[in-house]
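Let's walk through this model together, starting with some strands and finishing with a pair of helices. Keep the structure open beside you as you read.

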Amino acid sequence: MHKWSELFIPTLREAPADAEVASHKFLVRAGYIRQLMAGVYSFLFLGNRSFNKIMGIVREEMDKIGQEFFLPALHPRELWEASGRFALMGENLFKLKDRKGAELVLGMTEEEVMTSIALKELRSYKQLPQIWYQIALKFRDEPRPKSGLLRVRQFMMKDAYSFDIDAAGLDVSYKKHYDTYCRIFDRCGLKYMVVEADSGAMGGKESHEFMVRTPAGEDHIVSCDGCNYAANLERATSKLETWGDLAPEGDGKPLEVHTPGQKTIEEVARFLGVSPKNKIKTLALMAEAPPDKKSDKKADNAGKPRSRAIVVLMRGDHQLNEAKLNAVIGGAARPMDEAEIKALFKSPAGYLGPFGIEWAKDAKKDAALPVLLVDKALEGRSNLIAGANKEDYHLKNLTPGKDFHPTAYADLRAVTAGEGCPNCGNSLRIDTAVEIGHIFKLGYRYTKMMGARVLDKNGKEVTPIMGCYGIGIERILTAAIEQSNDENGFWLPPSIAPFQIVVTPVNVKDESLLKAATDIATRLEAAGFDVLLDDRNERPGVKFKDADLVGIPFRITVGNKVTEGTVEVVLRSTREVRDVMIATLVEYFQGVLPAKA
Ligand SMILES: [Zn+2]
């Protein structure tokens with residue numbers, strides 16, 4: 001029996017001064033965590049209890065599809081060099097040296113270690129598929145740790161890796177994880193969305209994120225209440241209302257118009273009496289070439305990164321989404337400087353347009369020519385207005401494909417709230433969210449780079465294909481708190497709360513009350529519930545306040561009604577109070593709570 005009077009539950013009236021989000025404030029106030037240094041926390045009794053319950057659920061569900069390992073956090077640098085991630089992760093990777101001067105890193109994830117095991121041990125298709133997972137500490141030298149457990153430098157993660165003989169096998173492993181993740185987050189009582197995601201630096205193809213909507217989140221999610229559509233802002237798209245094109249003027253050929261001093265989209269549109277939706281926005285960018293050692297040796301300006309002009313055309317009222325562009329060009333781009341603009345357009349900024357420039361037809365073959373990427377919203381439009389590449393002039397009657405030839409059309413537009421859902425047309429919303437899980441089809445990246453090979457059915461050597469799958473254990477706890485709190489504290493779903501029920505005798509000096517409370521707690525515990533007895537000699541107000549704060553979903557108030565055989569059961573989330581006969585308490589909780597396994 002857990003008695004509050006014997007436990008260390010250091011609740012606080014005040015949150016730390018730097019705490020901004022609810023989970024940070026309440027985790028500290030409820031005595032779950034204490035900070036050791038920036039982004040590194042100790043879990044005290046209640047926090048650790050909740051943490052263990054979350055890990056228990058994750059482990060139980062993962063054991064249905066995979067095998068648990070336990071891998072070291074201390075890795076040799078060479079392993080990260082072999083996968084290419086030593087350079088890629090840069091300053092985010094914790095690095096250290098041992099006494100002999102050997103360079104080590106603290107693992108952020110375990111692709112390298114898992115792949116090194118696969119590479120040494122897997123020989124044949126007969127050993128595949130494999131799903132290996134672990135729940136262990138990970139490290140990341142986060143530049144700005146903040147928001148309590150949301151952005152930390154040391155964290156607990158469930159990471160899993162699948163190895164399959166081919167892409168069809170990976171599909172199966174991926175689906176298993178998808179379904180398992182849904183079961184885990186359902187059991188943890190979270191309201192989450194599954195979102196199509198950009199796989200970013202991980203370099204995979206298919207990818208989904210599991211997200212919980214909260215103002216504390218730093219990711220942006222586009223979703224539809226009318227259907228299940230949900231996507232990361234970098235992947236989201238929307239249905240556009242059709243917008244009428246202008247009639248051609250004069251002979252229909254590109255027509256120069258004098259627009260003195262009118263530079264911005266809005267200025268020009270107003271000056272010409274048209275909508276920005278009939279205008280082209282011209283963005284002049286330079287893409288830095290991806291690192292490619294072979295061609296760098298050939299380049300005569302050694303040391304300087306090779307760069308290439310990328311010009312993007314958007315509808316006048318649309319914004320470019322940089323992540324979408326980066327995915328299309330396979331790297332990052334920066335705005336051109338004045339000299340670069342002058343060199344390509346022969347015009348000052350403010351009057352740029354696509355007309356009269358020879359664009360690459362094929363980005364790879366025509367490597368010497370600039371690339372023109374046109375957003376899909378401009379495909380099929382006609383008689384648009386753009387800069388004339390001449391100070392104080394614009395051009396009318398511009399039709400893509402006729403007056404200038406795009407290298408490619410691509411979806412580059414940033415979706416905004418209120419636009420139509422691509423599936424059902426309902427109005428889209430954009431919310432901030434916290435990521436609690438992420439699944440990727442990694443493909444051959446690690447197995448190829450590190451040289452893992454197995455023999456297939458025909459005795460031929462092939463490279464196994466991988467998936468990787470992560471769940472942030474702290475993230476589950478913080479997301480649960482962010483979605484269920486009020487000014488007095490929070491309430492966790494019973495499956496992950498440190499205790500399911502707190503039994504509170506209003507006066508422990510009254511021996512009959514204390515005895516009744518102890519009996520109730522004993523019986524509930526014997527029935528398999530996780531119970532805390534608040535036997536402290538404190539005023540009822542103090543005990544109720546603490547009970548409201550620390551995340552326990554049910555409270556039983558043992559007061560004077562005991563003489564009538566009744567206690568009060570308080571549901572923390574709604575504060576609904578209900579009189580329940582002591583004799584039927586076990587049955588009552590069997591109806592509202594799952595018994596402890
Ligand atoms: Zn929809």
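Two strands are said to pair if DSSP finds at least two bridges between them. Helices (H or I, at least four residues) and strands (E, at least two) are DSSP runs, numbered from the N terminus. Residues are numbered from 1 along each chain as its sequence is written. Please bear in mind that this is a predicted model: local features need pLDDT of at least 70, side-chain atom pairs count only at pLDDT 80 or more, and totals for chains, interfaces and linings use all residues.

Begin at strand S12, residues 219-224, which runs antiparallel to strand S22, residues 428-443, and is joined to S22 by six bridges. One place to look is Ser223, whose bridge partner in S22 is Arg429. S12 also runs antiparallel to strand S13 (residues 230-232), with three bridges joining them. Here Ile221 stands opposite Asn232 of S13. Five residues lie between S12 and S13 in the hairpin that they form.

Now move along to the helices. H13 (residues 511-526) packs against H15 (residues 585-592) at an angle of about 50°, their axes 10 Å apart; axes are lines fitted to C-alpha atoms, for helices over the stretch in contact, and angles run from 0 to 180 degrees between N-to-C directions. That angle makes H13 oblique to H15, since angles under 35 degrees count as roughly parallel, over 145 as roughly antiparallel, 65 to 115 as roughly perpendicular and the rest as oblique. Which residues make the contact? H13 contributes Ile520, Arg523 and Leu524, and H15 contributes Leu585, Val586 and Phe589, where contact means C-beta atoms, placed from the backbone, within 7 Å.

Technical notes. Two residues are in contact if their C-beta atoms, placed from the backbone, lie within 7 Å.
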